[in-house]
Amino acid sequence: MAQGLSKMGARSTGAQLGGRREAASTLGETLGHSLVERIGNTPLVRLDAVTADLPGIVLLGKAEWYNPGGSVKDRAAANIVAEARASGRFMAGKILLDATSGNTGIAYAMLGAAEGFPVTLCMPENVSRERKQILQGYGANILYTDPGDGSDGAIRLARELAAKHPEQYFYADQYSNDANWKAHYLTTANEIWQQTQGRVTHFVSMMGTSGTFVGTTRRLKELNPRVECISLQPDSSFHGIEGAKHMASAIVPKIYDASLADRNIEIATEDAYAMARRLSRNGGLLLGISAAAAVVGCLKLASEMQARKGREAVIVTILCDSGEKYLSERFWNEK
Ligand SMILES: Cc1ncc(COP(=O)(O)O)c(C=O)c1O
């Protein structure tokens, strides 16, 4: 098992390894953590602001902006790099190449800057200004693709480059790389299980590469097959939920397994925008758009459950990132 991966897994199963951690006395253990070691173990936040009229429903969000790169994608990126190094596919002298709509790129760029490897990213030109600035801040090389082609245009360019110059690039290919979903299988799911003391009844997640949904669902279903897992996606190919994919009209990620979902809910961009405004103004939570969309999905589910049977539930979702990278978007100012 790769080193970064085992560290992430170990921190996720802190209860088991706590004794060993206390006993450790090396300087590394006692004097802080490396950036990679800080990935994962994000807090679970109660979203009481939106469940007041849903008695019996507890809604919890994994606050993924606590990761050092600011999003859930730190988990996948760190595991992809660790596994590729361990298997010899990514060695000194190679450039990490991938297609990314932003957050994975930020995670790769952060890791590259921290660990000393070059990073080239293909991304649609219309990603938010804040994301471009962050990537430039980390010193990544960015190749822009036509916004009209969406994330698929970026994928096509990365594939072309990787095929033309295999000696130059390690093509991380987050859409096909099993290390992506395994990061969540080993960390996110176990954290949710421990943080809810095994009381989670529903897991709800927006999909981009689908790594978060696939990995977390696979592990949660092992821990308790009765946990219901609900995937979310935008309701059309033209949407403003950055990082999310409308599977029916997109290049379907190789790691995606539709059969894992107990059900799938589609989310309208306008509803996600409205939820982002509502949670920031009335809940004190400045969420990214896909995180707000995830809360919309959870509330749809919770309302249906209430209407049917007035059932109790502990719903956990992933709040992929905070709103800071989207502040230049106009929807914040609407009423
Ligand atoms: C903001 C945001 N939300 C959701 C996702 C989807 O996560 P995953 O790729 O694990 O499906 C991403 C992925 O990049 C993202 O950046």
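1. Helices (H or I, at least four residues) and strands (E, at least two) are DSSP runs, numbered from the N terminus. The structure under review is a predicted model, in which local features need pLDDT of at least 70, side-chain atom pairs count only at pLDDT 80 or more, and totals for chains, interfaces and linings use all residues. Residues are numbered from 1 along each chain as its sequence is written, and side-chain values use heavy atoms, with hydrogens and water left out.

2. Threonine 100 lies in the loop between strand S3 (95-99) and helix H5 (103-115). With a relative accessible area of 2%, threonine 100 is buried (buried means under 20% relative accessible area, exposed over 50%, partly exposed in between, with a 1.4 Å probe and protein chains only).

3. The ligand sits in the largest pocket. On a 1 Å grid over the protein atoms alone, a pocket is an open set with protein on both sides within 12 Å along at least five of seven lines; a molecule sits in a pocket if more than half of its atoms lie within 2 Å of its grid points. There are 14 residues around the ligand, of which Lys73, Gly208, Thr209, Thr212 and Ser290 come nearest (a residue is near a molecule if one of its heavy atoms lies within 4 Å of it).

4. An N or O atom in the side chain of threonine 212 is 2.5 Å from a ligand oxygen, a backbone N or O atom of serine 210 lies 2.8 Å from one, and a polar side-chain atom of asparagine 103 lies 3.0 Å from one. Taken alone, the ligand exposes 390 Å², of which the protein buries 98% (Shrake-Rupley method, 1.4 Å probe).

5. The model has 14 salt bridges (a side-chain nitrogen of Lys or Arg within 4 Å of a carboxyl oxygen of Asp or Glu). One of them joins aspartate 152 to lysine 245, with the closest N and O atoms 3.0 Å apart. This pair links distant parts of the chain, 93 residues apart: aspartate 152 is in helix H7 (residues 150-164), and lysine 245 is in the loop between strand S8 (228-234) and strand S9 (263-267). Aspartate 152 counts as buried at 13% relative accessibility, and lysine 245 counts as buried at 4%.

6. Where does the pair of glutamate 222 and arginine 219 lie? Both residues are in helix H9 (residues 211-223), 3 residues apart, and so are separated by about one helical turn. Glutamate 222 is partly exposed at 47% relative accessibility, and arginine 219 is partly exposed at 22%.

7. Asparagine 41, in the loop between helix H3 (27-30) and strand S1 (44-46), has a positive phi near 50 degrees and is partly exposed at 34%. Glutamine 197, in the loop between helix H8 (178-195) and strand S7 (202-206), also has a positive phi near 50 degrees, but is exposed at 63%. Most residues other than glycine have a negative phi.

Conventions. Polar contact = N/O pair within 3.5 Å; in protein donor to acceptor, adjacent residues only side chain to side chain. 1 Å grid on protein atoms, 1.4 Å probe; cavity = no way out; pocket = protein on both sides within 12 Å on 5 of 7 lines; lining within 4 Å.
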